[in-house]
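User: I have a new model on screen. Walk me through it, please, in short answers.

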Amino acid sequence: MIRQTKDGGTDIFETEIDGETIQWDNGLTYARHIQTQQLLSAQVPVSDKPDEMLFIIMHQTMELWIKLVLHEARLVVGAIRADRLDLAGKGLDRIATIQRHMIHSWEVLATLTPHDFLTFRGFLRRASGFQSQQYRELEYLLGNKRGDMMVVHKEDAAAMARLRAAFESPSLYDELLQLLARRGFDIPADHLSRDWTQPYEPSEAVEKAWLAVYTDVERHWDLYTLAEKVTALEYYFQEWRFKHMKTVARVIGHKPGTGGSSGVNYLVKALNLSFFPELWSMRTEMVAPREGGDYAQGAGA
Ligand code: HEM
């Protein structure tokens, strides 16, 4: 039996199912909130081949996670700017969890065999992940300022506006260097104010600053833990790139991509990119902490 009441203009319904009182109303339903109709009508194959559905849903789920990573990364940048390192750390932890999930999800696509893919590859024409606007926006936000990559969006004014905004703004790493400067580290002036559209040039002074943070971790605990979370972001980003490259090699071998590149060889090149170079190079320079010195607990050897 369904009981019906009213709350203002909203009809409220109630019934018992399996001993539970189940309620719903005709205002904000699950479908209206989650927009399931739009979401589930967005899988539109261009072929009649059954394996294309997997291909579409894999890309769509990745795009949704990239959307969330972008959202969280912008909040992280805002938190760093506001010196709220606690909030920035929380956001970076969430990003890392999403990234691990994204990396693991390549396993689903790995069930697409070369034969499966070839049944519909021709229908994709020149469509390629290379044209993912969000991926490029994320790269710009993190610091890979390759302006020429935008060209494939030139017919889409809204996409270009978003990409340009990210391209012309300081990256997450640029914000971190501002933070180091506010904390009294010696960051070169040309790293604090520059043309943000230019690729980042690593500097010895920045490497020294990170080294100082990592050498006296007790003193710089918040910067040190933040730097580790930022390092994790790049670590997982590279792992995502690697799994993509390896999945592509498994599915198309060394064929060129639908987007026109050399395919796997193009994707391998990206494995040498670094968003936060001194956070990596500094590790080579590190030495063991002094006995009973920098690490109060005497850790490390
Ligand atoms: C069987 C599945 C896939 C194949 C064969 C494939 C293949 C490729 C190839 C060959 C490229 C290089 C550009 C080109 O010439 O097309 C590329 C780029 C790219 N793909 Fe995929 N891909 C697959 C799945 C995915 C998925 C699920 C995503 C998730 C969004 C994705 C995102 C990207 C991105 C973002 C790029 C640009 C990378 C960069 O410029 O560094 N790909 N893909």
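User: Start with helix 3 and helix 8: is their crossing left-handed or right-handed?
Analyst: The crossing of helix 3 and helix 8 is left-handed. That is, the near helix is turned anticlockwise from the far one by less than a right angle; clockwise would be right-handed. Helices here are DSSP runs of H or I with at least four residues, strands are runs of E with at least two, and both are numbered from the N terminus. This is a predicted model: local features need pLDDT of at least 70, side-chain atom pairs need 80 or more, and totals for chains, interfaces and linings use all residues. Residues are numbered from 1 along each chain as its sequence is written, and side-chain values use heavy atoms, without hydrogens and water.

User: At what angle do the axes of helix 3 and helix 8 cross?
Analyst: Roughly 15°, and the axes come within 9 Å. Helix 3 covers residues 52-81 and helix 8 covers residues 172-182. Axes are lines fitted to C-alpha atoms over the stretch in contact, with angles from 0 to 180 degrees between N-to-C directions. Helix 3 and helix 8 are therefore roughly parallel. The cut-offs: under 35 degrees is roughly parallel, over 145 roughly antiparallel, 65 to 115 roughly perpendicular, and the rest oblique.

User: Which residues make the contact?
Analyst: From helix 3, Val76, Val77, Ile80 and Arg81. From helix 8, Leu172, Glu175, Leu176, Leu179 and Arg182. Contact means heavy atoms within 4.5 Å.

User: What else is leucine 172 in contact with?
Analyst: Leave aside its neighbours within four places in sequence. Then leucine 172 is in contact with Val76, Val77, Ile80, Leu141, Leu142, Val230, Leu233 and Phe276.

User: Now the inside. How many residues are in the largest nonpolar core?
Analyst: It has 62 residues. Leu172, Tyr173, Leu176, Leu180, Trp210 and Leu279 have the most contacts inside it. Helix 11 gives the largest share, 12 residues. Such a core is a set of buried Ala, Val, Leu, Ile, Met, Phe, Trp, Tyr and Cys residues joined through side-chain atoms within 4.5 Å. Another core, of seven residues, lies apart from it, and Tyr140 and Met149 are among them.

User: What share of the chain is buried?
Analyst: 39% of its 301 residues. Buried means under 20% relative accessible area, exposed means over 50%, and partly exposed is in between (1.4 Å probe, protein chains only).

User: Switching topic. How many salt bridges are there?
Analyst: The structure holds 20. Each one is a side-chain nitrogen of Lys or Arg within 4 Å of a carboxyl oxygen of Asp or Glu. In one of them, arginine 3 pairs with glutamate 14, with the closest N and O atoms 3.0 Å apart.

User: Why does that pair tie separate parts together?
Analyst: Arginine 3 lies in strand 1 (residues 3-7) and glutamate 14 in strand 2 (residues 10-17), so the pair ties together parts 11 residues apart in sequence. Arginine 3 is partly exposed at 31% relative accessibility. Glutamate 14 is partly exposed too, at 22%.

User: And lysine 243, what is its partner?
Analyst: Glutamate 107, with the closest N and O atoms 2.4 Å apart. This pair links distant parts of the chain: helix 11 (residues 221-252) holds lysine 243, helix 4 (residues 85-109) holds glutamate 107, and they are 136 residues apart.

User: Last one: how many helices and strands are there?
Analyst: The protein chain has 13 helices and three strands. Its C-alpha trace spans about 70 × 55 × 40 Å along its principal axes.
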